[in-house]
Structures are given as C-alpha cells and as structure tokens.
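Visitor: I have a model open and would like to talk it through with you. Could you take my questions as they come?

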Amino acid sequence: MRREFLSRRRLLKASILAAAGAAAQTQGKATEFQIACMTLPYAAFPLERALKGIAGAGYRYVAWGATHKESDGQTRQALAVDDPPSAAKELGSRSRDLGLEPVMMFSLVNVEAPDSIKSHTRRIEQAAAAGVPFVLTFGHTRIASYETWIRNLKELGPIARNAGVTIVIKQHGGNSATGKLCAQILREVFDEGIQMCYDAGNNLGYVGDDPIADIRHCWQYVRAFAIKDVRLTPKRDACGPGLGEIDHYKLLLPVARTGLKIPLCCETLWAPLLPRPEQPEGVDALAKRAREFLEVVTVGVTA
C-alpha cells in the first residue's frame, strides 16, 4: 500500500512539473544556448591540437571526449577514468587559457558496467574539480540491464548533485533509443542530478525515429545536446548540423524558453558523401561552419 501511495505521489509530482514546464516553454526567459565543439571530431589528432583548433574556429565552449592520437603515435583518453581530479583541473585550466570554457565531458563508462558507481563517481569528482557542469553517459539499456540502469542512476544522482554536477544520458539504442524512452528512465530515477543530453542524430540514424516529434516527449529533461545531423539520401550518412535532414529550428524550439544554460555540443562535423579531412585544418573549417550555422539558428529561435 505504501509503495502504491509513493508511486501515485511521484506520478502526481511529475505531472505538476510537466504542466509547469509546458507553461515555461512558451512564457519563460530565453535559453542561453552555449555553442560548443567536442574534441571527438579531432580524435585522429593530439588533444592540444583539438583545443587550439576549436578555439581558432571561434568557439567559446568545449566538450572533452573521448580519445586522441597523440604526437607519439599512442591513442589516449582525453582524461582517463583513473586520473586524479587535479588532472581534470589542469585540463580545465589549459582549455580556459585558450578561451574555451569546458561544459561537458564523456564518462567513457557504461551505466550498467560492473564498476559503474565507482567509475562515475570518479568522473563526477573530476568534473567538479575542473568546473565542468555535465558528465555525459550512456550504455546498453537492454531489458536485462534496465533495472541495473535505474538502480545505478538512483545511486549516482545524489553524488552528482552534492558535487554540483549533472549526469546526462542520451539516446544510444535499446531501451534508451529515443527521447521518449529516456524520459521513462528519468521519470523512474526521479533525481535532479540525472537529466538528458538530446542526440537527434542517434534518434534518426539508429532507429529512424523522427527527433522533431520525439523531443516533445522529453524536452523538460533536456539540459544539453549532442549535435549530430543525418543525411538519409542518397545514402545514410552522419554529418554536421545543417547538412542533413534534421530541422534544427524545430529541434531547439521546444527548449528555447527554459531560462537555462544549455550547451549545444557538436559531435559530428562531416560533410555528407565526402571523405573526412586528413589534416586538422580541414576539421577546423568544418567546425567553423557548424558554429556559424548554429549561431544563426539559436539567435532565430530565441528572438
């Protein structure tokens, strides 16, 4: 009986929050979109070159992740899970010295992993030390791991909140394939420390689900975006924003009046049907194009 009462109470609170959010969607203060570039598109080049390229392409914000081929030919994580918080703080200083404010970092640990709590706690400590507000995580939410997801995220929520950090999940197939499914997870976890990073490209590219309709089911949980477009014709190809089939005006409009700071982190920059650049200068040019496109869109949707 008590469990049923708590479930009804939680459902009622969620309904009230959703209703309040719906009003804020059209009446609230304009969202401050923070246009960022992930270091991910620079994976074939050293991390330092990625940071310099992103700054040179005119960005003010950066997201760290995941690995980079360094000048000695070795591939290393931008920030290893077992690195001390001081290493994250130092990377934050290096980023800021170039004029880049770090807004998100990859966990590089699946939510359902056996060491999930320990590893995510370390990532939270690193993010807090570096002043990074969001830790991005995902995994394989198959039926067998769903309950593990809920249990782990419920444990991680208070840890993140106490550190002033938010863990954000995103669409990644299985039971987290769409925003609607992620919203179901977030309702069950029910913790402000666990929110969502919306990935429209995964929504469309992985399962062929329309992200414009889908984001209506989860927009109130969205605290960040992994920006990735998808071109479906003449063949399926992940690409930079504005080069695919996703209407970014329609995508961002539901969260244009939240009053929040929401990072838009470019994960994919590539031009459809063309080979990826072999030199970092080619990535720089694509990064600049993506930034300029998103600047036009965000000014429009918040006007």
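Visitor: Let me start with helix 4: why would one say that the distance between its end C-alpha atoms agrees with its 15 residues?

Guide: This is a predicted model, and in it helix 4 covers residues 116-130. At 1.5 Å a residue those 15 residues should span 21 Å, and the end C-alpha atoms are 21 Å apart, so the two values agree.

Visitor: Which residues of helix 4 are buried?

Guide: The buried residues are S116, S119, H120, T121, R123, I124, Q126, A127 and A130. Just after the helix comes G131, which takes a positive phi of about 75 degrees.

Visitor: Staying with S116, why does that residue count as buried?

Guide: Its relative accessibility is 1%, and buried means under 20%, so S116 falls within that class.

Visitor: And what does S116 touch?

Guide: Leaving aside residues up to four places away in sequence, S116 touches V109, N110, V111, T121, N152 and L156. Of these, T121 is also among the buried residues of helix 4.

Visitor: Take strands 6 and 7, then: over how many bridges do they pair?

Guide: Strand 6, residues 134-137, and strand 7, residues 166-169, pair in the parallel sense over four bridges. One of the residues involved is L136, whose bridge partner in strand 7 is V168.

Visitor: What about the largest nonpolar core, and which members touch the most others?

Guide: That core has 69 residues, and Y59, Y198 and F225 are the ones that touch the most other members. Helix 10, residues 280-302, supplies the largest share of the core, with seven residues. There is also a second, separate core of 15 residues, which includes L136 together with Y61, M104 and F106.

Visitor: What does F225 touch?

Guide: Not counting residues up to four places away in sequence, the contacts of F225 include C197, Y198, I215, L251 and L252, and also V255, I262, P263, L264 and C265.

Visitor: Last one: at what angle do helix 2 and helix 3 pack?

Guide: Helix 2, residues 47-56, and helix 3, residues 85-97, pack at about 35 degrees with their axes 10 Å apart, and their crossing is right-handed. The contact is made by L47, E48 and L51 on helix 2, and by L91, R94 and S95 on helix 3.

How values were computed
Residues numbered from 1 in each chain as written. Predicted model: local features only at pLDDT ≥ 70, side-chain atom pairs only at ≥ 80, totals over all residues. Heavy atoms only, no water. Pairing = 2+ DSSP bridges. Helix = DSSP H or I, 4+ residues; strand = E, 2+ residues; numbered from the N terminus. Expected span 1.5 Å × (residues − 1). Buried < 20%, exposed > 50% of the residue type's maximum accessible area, 1.4 Å probe, protein only. Contact = heavy atoms within 4.5 Å. Core = buried A, V, L, I, M, F, W, Y, C linked by side-chain atoms within 4.5 Å. Axes fitted to C-alpha atoms, helices over the stretch in contact; angles between N-to-C directions. Left-handed = near helix turned anticlockwise from the far one by under 90°.
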